[in-house]
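Here is a friendly walk through a few parts of one model. Have a look at the sequence and the structure first, then read on.

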Amino acid sequence: MIKYVAKRLLISLATVWAIATICFFLIRLLPGNPFIVANPLDITNAEKMMEYYGLNDPVWMQYVRFMNSLLHLDFGYSLAHAGRSVNEVIAQYFPVTAQLAIQAMLFGIPTGTLLGILSAYKRGGSVDIFAQLMTILTTAIPAYVLAAILQLVLSVKLGWFPASGWETQKYTILPTLCLSLGMISGHCRGMRTLMLEVGQQDYLKTAKAKGLSEVRIIFFHQIRNALLPMVTNLGLEIAGLLMGSFVIEKIFSVPGLGKYFVNSINELDYTMAMGLVVFQAVVVVAANFVVDILYVLIDPRVKLD
Amino acid sequence: MRKMMKKSFAVTLLLAMLIGTLGGCGTTADKTSNAGNSTAADAGNNTADSENATPTTTESATTDTTVTETPVEQETLDTFRFVATEPNTLNMIESTSNLDTYVFYLTSAMLYRSIDGVVTPEVCDTLTVSDDRMTYTYTIKEATYSDGTKITADDFVYYLVKKYLTSENCTYFVGGEDTYNNSLETCEGIYSVDESTFVITMTSPIVTFNGQLEIYPLQKAFVEAKGEALGGTPADLLYSGPYLLTDWVVGSSMTFVKNDSYINADTLFPTQNLTLVVSSDASTTYSMYQNGEVDAIINVNKDLYELIDQADCTYYSADSLWGIEYNTTGFTYTDGDGFVSRGDEVSALMKNLNFRKALSYAINRSAVAAVVDPTSTVADRYVSTSVKGTGDAAYVDEYTLENTAPLEGDAEAAVGYLNAALAELGYSDVSQLPELSFLTFDSASQSMYVETVVSLWKSVLGLENVTINLQPIQSAIMSMVYMNYDIYLQQLSMNPDDMLEQLGFWKTTGGVSDVAGFQASGVPSFMASMHADEAYDTLVTDAYTEFDDAARFSMVQQAEQLLYDSYTFFPAMAGGGYYATKSYVEGYYSTYGENGYGFANLVVYAH
Amino acid sequence: MKEKIISEMLDFSPVSEKERDAEQIIRPSVRYWPEVWKRLFRNKLAVLCIVIIGLILLCAIIMPILSPYEFDEVSLFESGLKPSAAHFFGTDASGRDLWTRVWIGARASLLIGFLGALTPFIIGTMIGAIAGWYGGRIDMIIMRVCDIMLCIPSMIYMILILMVMGGSVSSLVVAMAISGWMGSARGFRGRVLQFKNKEFTLAAKTQGASAPRIIFRHILPNILGNIAVGLSGAVPGAIFMEAGMAYIGLGVTPPNISLGQLSTDGITYFMSPTKFHLFLYPSLVISIMIFAFFMFGNALRDALDPRLRDEEYNAKRMRKIKRGQKREARKLGKAAV
């Protein structure tokens with residue numbers, strides 16, 4: 001077991017390094033100069049800054065410098081926003097993304113799963129029809145439209161929540177709701193299918209034949225077995241959520257990492273973009289790592305090599 | 001047994017993960033709510049403190065304004081929330097954006113401050129100008145930073161040397177060029193005499209420089225102590241202005257609290273708390289405004305303009321000039337191969353005056369401007385319409401240009417010019433013309449303008465050879481600088497206070513059209529405009545030292561006419577500036593530029 | 001007890017006519033795919049979706065041809081017109097006919113949807129097949145590359161490719177192919193591994209079939225159903241991805257237009273009293289399109305996996321019977337009262 005974990009850990013580290021290297025060169029391929037702002041007269045200044053930050057040096061030299069900073073886990077300062085330390089940005093705004101993601105998950109996953117169970121239990125019933133309708137609506141309507149509708153109804157018309165911003169807990173409700181809607185429909189759909197699939201299995205027929213009560217069958221046999229594949233997907237889902245959602249962060253002015261990342265690439269903010277890429281890579285790789293290990297532990301059929 | 005262990009291990013791992021995430025959630029939630037509470041509490045404390053410390057002055061200030069401005073005494077609120085664009089950085093040295101300056105306007109003391117459009121001395125005590133207008137001697141008042149240290153003459157000198165000198169203006173100061181080019185810490189012509197006196201010496205008298213510098217003090221020791229971290233967070237700033245920045249949630253909001261150690265704290269900036277709310281989405285901004293979550297919107301763009309009650313919107317100034325730039329040089333710069341021809345056909349076509357006139361005449365500029373951005377106005381000049389002439393009328397009305405293209409376009413004339421161009425170049429039909437690329441930013445207004453113009457060229461002239469090249473702003477500007485375009489939608493910020501600065505854009509050397517300099521050095525040090533004309537250069541350069549208004553204006557007029565007739569930069573649209581305030585907000589003022597936070601006399605009444 | 005059972009078992013008797021018939025196969029034998037189609041067309045919702053998709057395809061093809069307007073034809077004095085007989089969906093700010101633009105945009109979106117779903121899938125399948133079939137070191141390398149590529153934010157490729165190739169349908173498809181092949185490669189590799197040691201594969205192998213032949217002639221047909229479902233889900237995914245890219249500001253370059261672009265442009269008019277139609281129609285069309293593809297995918301899955309449907313059908317019938325019983329019980333109750 002320890003050997004397996006060590007091996008996976010080594011592979012994970014190598015993966016992070018590979019991602020960082022590939023992204024480093026990919027981002028350098030983007031044309032443009034990070035110091036150019038809207039006023040084209042500042043081009044002299046921009047050239048000066050390129051020189052100052054060593055961005056006119058050969059790429060391998062910059063790469064060595066970047067690797068050095070990576071080893072020290074210090075990503076330096078943003079190029080487009082002077083004075084903003086990349087580490088600080090991550091430390092400050094990752095919790096925002098994480099809070100949003102976790103709130104959405106805590107609301108979305110149980111709700112979705114429950115809806116899935118209920119609609120599988122009474123197929124064609126009112127709950128099922130409601131769940132199906134909701135699934136269709138939330139998957140067919142683009143997120144930015146959905147967000148705008150929620151904002152109009154719950155904030156402008158009803159005045160229940162503030163339209164945008166990130167101040168008190170109240171401000172987090174609309175973006176959370178928006179983010180969790182997709183999750184609810186996804187989990188509802190997944191759970192419903194799994195429940196139905198499990199319902200076909202022989203062990204369930206055996207349980208029925210043994211004369212177990214319906215409640216017992218559903219709770220101890222059907223749901224438990226249907227949940228297993230959902231758990232293994234959870235890691236990747238969490239990782240995806242922790243990268244933040246640009247659309248929702250933009251519409252609700254949430255200071256999360258998703259918006260930061262898109263902006264940093266658009267602004268050619270090399271240091272910020274690389275810092276965020278590496279951070280996200282670490283999050284995903286860590287999630288994969290945990291899932292791999294969990295998988296070995298949960299599923300007795302998987303053998304260690 | 002082994003299986004059991006595995007199972008229990010799995011359960012513990014899962015639990016650990018869950019608890020971890022839950023824990024994370026808990027702490028972050030706590031953090032934000034704490035932050036919210038603490039800022040609120042801080043703000044509360046601050047207001048309480050200030051009231052305790054100077055109860056009479058604060059009260060009298062508010063009552064004064066209410067009494068003088070409204071007969072019925074109304075209760076005022078101490079918080080003002082407004083939607084604005086976030087600054088790029090608060091690092092004063094590396095700041096390049098106007099957006100940053102608007103925040104410095106709030107957080108820093110100034111030598112001179114523009115208050116509701118009037119430049120008044122703030123930290124400056126006296127200014128002595130020598131008779132030859134070459135030496136400016138300043139003495140400053142007693143003033144302190146919020147940490148108690150004194151603002152000294154050296155701080156202003158440091159700012160001037162570090163920040164004020166630019167490639168365009170450094171030649172006007174003795175030793176300025178040397179300082180700028182070599183990034184020196186000192187400048188021969190800018191120095192302090194003692195703690196409260198400093199001197200600026202010029203190389204020649206300049207009409208646009210009257211000594212009323214709207215500059216900030218910058219403490220060298222603080223800058224050096226902070227290093228790269230300068231201006232990153234509220235703690236990395238030294239405050240001396242009307243407000244302290246207490247919280248900056250990037251991408252969301254900025255919170256300001258009144259600074260009681262500000263030199264004019266008793267008389268100006270009566271509002272206790274300011275909150276700058278960041279919102280990049282028009283619907284969201286509108287929702288917040290309708291909800292009353294914000295009291296004002298600094299920059300009402302075209303999307304908002306259609307939504308917001310027109311009574312709330314106020315026009316303040318045109319801040320940018322849009323125009324169509326034609327690449328008449330016939331080459332492109334590439335990093336590898338240096339200057340590369342854009343092709344003989346393209347080059348000949350773009351160098352043809354009749355062809356450029358055909359393109360220009362085909363555009364119905366007033367209709368396009370109205371369609372693309374209802375907040376804008378059509379432009380036919382290179383100087384802002386808010387520049388005053390010799391009398392009360394605007395300069396552009398007093399000094400008109402001749403032979404200009406009609407604002408509504410002229411399809412017939414355009415076709416005539418096109419046919420003339422085709423004949424000159426030996427084409428029999430427009431379909432034989434080479435491909436041209438029309439470069440612009442990938443933002444909504446820009447792409448819409450270009451799409452509309454290209455469609456007009458297609459319908460009026462039958463041109464199908466123009467392709468649109470949309471690029472993100474940085475790449476677009478880079479491509480433009482390297483002349484990687486045939487036609488470019490140019491936007492220049494306009495300074496209504498300085499008409500010469502605008503004309504300087506098209507000077508051949510030192511200006512933006514220094515193509516020859518680019519060719520000689522291979523280093524782009526400008527925005528490559530295609531206009532090269534010695535007569536123009538002389539006019540603009542001489543205008544800087546011409547102190548007689550009428551003579552200067554006529555020189556500017558001649559220069560404008562030369563530039564217009566060359567059809568290298570065809571003026572098209574002046575980007576508009578509207579702001580919106582709720583009816584209970586009074587004394588709001590936008591400073592020059594896209595938007596500015598001129599809240600010196602701002603009062604928010606209870607509603 | 002035991003003896004009794006044995007004695008019963010030993011008690012032979014001839015089978016009656018009825019019982020013998022029970023063993024007989026009365027229905028004609030059906031092949032898999034015709035049966036799937038039959039089941040699919042029996043599903044009303046699936047038929048509706050096929051009709052919608054067909055209609056949208058048809059509109060996208062013929063509407064721009066029939067329309068008297070060009071999609072990029074600016075008409076400065078018809079800016080922001082509301083829907084009317086002349087302009088079914090109204091006009092945009094520069095006076096371009098929205099109806100024509102929507103269908104031209106639908107062309108681009110459908111192309112992106114189909115190609116953006118197919119290309120990464122085909123590439124992924126090839127790579128997955130190689131990894132699964134050859135295994136060993138090749139497999140390990142491919143899977144590592146997969147892992148790494150999955151972690152690189154697709155934004156980076158997207159911007160790069162759009163920068164190099166210009167914003168067009170083809171560059172979007174290339175970007176989607178580069179950032180999306182990993183999923184199907186992983187999936188197909190798993191399938192190949194699963195079937196690699198099955199008897200029929202071994203039989204083919206012993207008969208000297210080449211690896212590609214085994215993979216594509218013997219293994220692929222076994223999972224065609226899964227593939228069909230996956231692809232029908234990938235089409236709306238690709239359309240959505242394009243819309244998302246357009247929201248960030250990456251997408252087809254004007255004057256070309258896609259539905260995603262139109263609907264993201266329209267979102268600014270969401271609360272506009274005069275230009276609401278610029279938001280409504282593109283968003284509506286894209287939503288209907290996604291809905292149709294999505295529901296079609298669901299129906300296809302149900303048709304491919306008859307057990308679920310039959311279960312559902314049985315459950316429905318059971319409920320009907322139960323309801324009937326209840327009703328009768330109630331009637332009886334009433335009668336008794």
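Contact here means heavy atoms within 4.5 Å. This is a predicted model, where local features need pLDDT of at least 70, side-chain atom pairs count only at pLDDT 80 or more, and totals for chains, interfaces and linings use all residues. Residues are numbered from 1 along each chain as its sequence is written, chains are lettered from A and ligands numbered from 1 in the order in which they are written, and side-chain values use heavy atoms, with hydrogens and water left out.

Let's start with chain C. Take its contacts between residues at least 6 apart in sequence: 71% of them join residues at least 24 apart. Chain C has 14 helices and 0 strands (helices are DSSP runs of H or I, at least four residues, and strands are runs of E, at least two, numbered from the N terminus). Chain C has 337 residues, and 48% of them count as buried, where buried is under 20% relative accessible area, exposed is over 50% and partly exposed is in between, with a 1.4 Å probe and protein chains only.

Now for two places where parts meet.

| Parts | Residues in contact | Buried area | Share from carbon and sulfur atoms |
|---|---|---|---|
| Chain C and chain A | 36 residues from chain C, 46 residues from chain A | about 3,700 Å² | 75% |
| Domain 1 and domain 2 of chain B | 33 residues from domain 1, 37 residues from domain 2 | about 3,000 Å² | 65% |

Helix 13 of chain C gives the most to the side that touches chain A, with 9 residues.

Over to chain B, whose domain assignment gives domain 1 (87-227), domain 2 (229-317 + 578-605) and domain 3 (318-574); such bounds come from an automatic or database assignment. The centres of domain 1 and domain 2 of chain B, taken over C-alpha atoms, are 25 Å apart. Between these two domains there is 1 salt bridge, and B:Asp236 and B:Lys226 have side chains that meet in a salt bridge at 3.1 Å, N to O. There are also 14 residue pairs in polar contact between domain 1 and domain 2 of chain B, both residues at pLDDT 80 or more. On the domain 1 side, helix 3 of chain B brings the largest share, 6 residues.

One last stop: is B:Asn364 buried or exposed? B:Asn364 is buried, at a relative accessible area of 10%. You'll find B:Asn364 in the loop between helix 10 (353-361) and helix 11 (365-372) of chain B. Its side chain reaches the backbone nitrogen of B:Ala367 at 3.2 Å. Leaving aside neighbours within four places in sequence, B:Asn364 is in contact with residues including B:Leu407, C:Leu76 and C:Phe77.

Conventions: Buried area = accessible area lost by both parts, 1.4 Å probe. Salt bridge = Lys/Arg side-chain N within 4 Å of Asp/Glu carboxyl O. Polar contact = N/O pair within 3.5 Å; in protein donor to acceptor, adjacent residues only side chain to side chain.
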